[in-house]
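Subject: Structure handover

Hello,

Here is the structure I promised you. Please open it next to this email and follow along.

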Amino acid sequence: MTTAIPRREFLYGMGASLGALALTDLQAAEKKVTNPLAPKPSLHQPKAKAVIMLFMEGGPSQADTFDPKPKLNQLHLTESKRTKGLATGKRFYVGSPFKSRKVGNAGIDMSDQWKFLADPVVADELCVYRGCQAESLNHPEALLHMNTGSRLGGDPGVGAWVTYGLGSENQNLPGYVVMTELALPQAGPANWTNGFLPSHYQGTRLRSTGSPILDLNPPKYKSRAHQRKALDQLAMLNSLHADAHPEHAELQARMESYELAYRMQMSVPGIIDLNSEPQHLQSAYGLDRKETAAFGRQCMLARRLVEQGVRFVQIFSGGWDSHDYLERGHSSRIASVDQPIAALIKDLKARGLLDETLVVWTGEFGRTPDNNYRGGVTALGRGHNIDAMNMWFAGGGVKRGAVIGATDEIASEAVEVVHPIRDVHVTMLHLLGLDDNKLTYFHGGRYKQLSQFGGELIPEIMA
């Protein structure tokens, strides 16, 4: 006896038929020939094409950089009743060891330690934002939050999301490049990982000493022709395996990484050779001064990379965690980055690149207006503060010569244009022509995004 099959059951059963298998095979073939780093159209008209993020690891103090507070100086060494922060016990206010002045036509407040950034040509390009608030008081979690949108680790870096959404304009270079000092930032490579995104989108770290990339040059016994022939043979064998096992998606990524590595060996040496730059420009970046040479090289290289189509460049400067010796620590750190950053902005502007390059200066959180006694000693430093932090932007569609938001009279808490870090991420993506709510990736049973669960734009920042 035969029974009629309902239409819905018939269509559902087709999912296990030969037609479904053929469709799966066609999709695998299509996926295999698609270059994941190929340039992709933006979701709306972008203001910026690339990002250079200057990350001051450790947490620069807002009151000692771009948010001076005369009231705090009046309270210097008096007892503080604040209860927020990591430290416990008796506390005292710490006035800024630096003087401040207004610079440029816009009259932006800056500590007197900023000598080169105070140049009106540079200062009038800055958009200082004082309303951001972080979520974690611990360095590793705070770094991960600012760099990946999550405090837990394992999520893709901001640069990974950007290259996932836009691809790269140069197929011979990584789309996402990271530069650090001698020591890695806390949480290490988790700050620029591809996370659950395909491995093509992870950040490529350029080392600060020696060859920026290991094995950039082949061994002396192997010629370029020999290397090319070996890669072709390996690609042929891998292709045979990929045809037999289309479910192994990571194999295609590995094959493409071999090819990218070869193209990088051909292209990177010319990019990282700064000797081809005019001597006056090398001096402008501070390459001839010991205290600025390292960061200056990285800033110049960042300009060269975005000039060649790299989508996201991140530079870490460590040592900003001034619990003690605030004056010595911050003055030293500012002196190491001031001239290179000013030169970078001037250089981008002179080449017509600043309007399409978003420069971001930030740390992982701000600093407190007070400190705790340690063994009865008044240590002139500041603790971690998630309620107020400074950052600034330049180029890439942000307002020029502007100060957005405000903190209270002692820089303890943001009180105007207050937004969490996720809103900063959403705004950065928007300037690049991306929508955080549409830039998603299915993983772990749900569609994930940089902001974790959505955020708001900060329209006051945007031009």
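Predicted model: local features only at pLDDT ≥ 70, side-chain atom pairs only at ≥ 80, totals over all residues.

**Strand 9 and its partners**

Strand 9 covers residues 312-317. Six of its six residues are buried. Strand 1, residues 50-56, is joined to strand 9 by six bridges. The two run parallel. To find this pairing on screen, look for M53, which stands opposite Q314 of strand 9. Strand 7, residues 176-179, also pairs with strand 9 in the parallel sense. Here there are four bridges. V177 is the residue to look for, as it stands opposite V313. In general, strands of a sheet pair through backbone hydrogen bonds, either parallel or antiparallel.

**The whole chain**

Now zoom out. The protein chain has 463 residues, and 51% of them count as buried. Its secondary structure comes to twelve helices and 20 strands. Take the contacts between residues at least 6 apart in sequence: 76% of them join residues at least 24 apart.

Next, go to strand 4 (residues 100-103) and strand 5 (residues 108-111). They run antiparallel, and four bridges join them.

Strand 3, residues 91-93, is joined to strand 12 by three bridges. F92 has N371 of strand 12 as its bridge partner.

**L380**

Stay in this region for one residue. L380 lies in the loop between strand 12 and strand 13 (384-385). Leaving aside residues up to four places away in sequence, L380 touches H76, L77, F92, V94, H323, D324, Y325, L326 and N371. Two of these names, F92 and N371, are the bridge partners from the sheet above. L380 and S322 are 58 residues apart in sequence, yet their C-alpha atoms are 8.8 Å apart in space.

**Two packed helices**

Last stop: helix 10 (residues 290-307) and helix 11 (residues 326-350). Two packed helices are described by the angle between their axes and the distance between the axes. For this pair, the angle is about 25 degrees and the axes are 8 Å apart. Angles under 35 degrees count as roughly parallel, and helix 10 and helix 11 are therefore roughly parallel to each other. Their crossing is right-handed.

Which residues make the contact? Helix 10 brings E291, T292, F295, G296, C299, R303 and V306. Helix 11 brings A335, S336, V337, Q339, P340, I341, L344, D347 and L348. By type, the residues of this contact divide into nine nonpolar, four polar and three charged.

Best wishes

Terms used: Residues numbered from 1 in each chain as written. Heavy atoms only, no water. Pairing = 2+ DSSP bridges. Axes fitted to C-alpha atoms, helices over the stretch in contact; angles between N-to-C directions. Parallel < 35°, antiparallel > 145°, perpendicular 65-115°, else oblique. Left-handed = near helix turned anticlockwise from the far one by under 90°. Contact = heavy atoms within 4.5 Å. Nonpolar A, V, L, I, M, F, W, Y, C, P; charged D, E, K, R; others polar. Buried < 20%, exposed > 50% of the residue type's maximum accessible area, 1.4 Å probe, protein only.
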